[in-house]
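Please look through the model shown here before reading on. The text then goes through its sheet and its core in turn.

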Amino acid sequence: MGETELNGLIKKLESPEPLGHRGKAAVVDAIDALFPGRSMWPEAREEKSESADVALHVAEKAFPNWDVMLTGKTNPAHGNWVCTLRESAASDDDEVIGIGSSPVLAYAIFAACLKLAAKKHHL
């Protein structure tokens, strides 16, 4: 997956528009491409890509022992979730962090994972 395609997917995850079938499949494909050889998904179905539990599972598999910080409002019409992934919440000098935001909690987590993976892979 190239940088332009990945950035487009992250933009879709962070937009207020719901992902269609293709968008959900693209999330699965991107995670699989950025973390080859790992069993990232508890179930390999793109319909699970809206589950916060599945997104947290993927984040834990992708970045074991990293801190996941979630903030947001639970208003279903205008949710505003922010997910921050960092090696340690103990200090503010992490070399690389991933921050994703979306009205959908799972999408914020996936956006943070994809942004962090892109930085780590220098995309």
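Predicted model: local features only at pLDDT ≥ 70, side-chain atom pairs only at ≥ 80, totals over all residues.

Residues are numbered from 1 along each chain as its sequence is written, and side-chain values use heavy atoms, with hydrogens and water left out.

The sheet comes first. Three strands form an open sheet; the 3 strands have the order β1-β2-β3, with antiparallel pairing. Strands here are DSSP runs of E with at least two residues, and helices are runs of H or I with at least four residues, numbered from the N terminus. Two strands pair if DSSP finds at least two bridges between them. β1 (67–71) and β3 (98–102) stand at the edges with a single partner strand each, so one side of each has no neighbour in the sheet. From one strand to the next the twist averages 15°; axes for such angles are lines fitted to C-alpha atoms, and angles run from 0 to 180 degrees between N-to-C directions. Strands of a sheet pair through backbone hydrogen bonds, either parallel or antiparallel.

β2 and β3 run antiparallel and are joined by 5 bridges. T84 lies in β2, which spans residues 81–86, and its bridge partner in β3 is I99. T84 is buried, at a relative accessible area of 15% (buried means under 20%, exposed over 50%, partly exposed in between, with a 1.4 Å probe and protein chains only). Beyond its neighbours within four places in sequence, T84 is in contact (heavy atoms within 4.5 Å) with D67, V68, M69, G98 and I99.

W81 is also found in β2, and W81 is buried, with a relative accessible area of 17%. Its C-alpha atom is separated by 5.6 Å from that of L105, 24 residues apart along the chain. Outside four places in sequence, the contacts of W81 include T71, G72, S101, P103, L105 and A108.

The core is next. A nonpolar core is a set of buried Ala, Val, Leu, Ile, Met, Phe, Trp, Tyr and Cys residues joined through side-chain atoms within 4.5 Å. The largest one has 37 residues, of which L13, I31, W41, F63, L85, F110 and L114 touch the most other members. At least two residues each come from α1 (3–14), α2 (21–34), α3 (52–62), β2 and α4 (105–120). α4 gives the most, with 13 residues. Leaving aside neighbours within four places in sequence, L13 is in contact with residues including L19, V27, Y107, F110 and L114.
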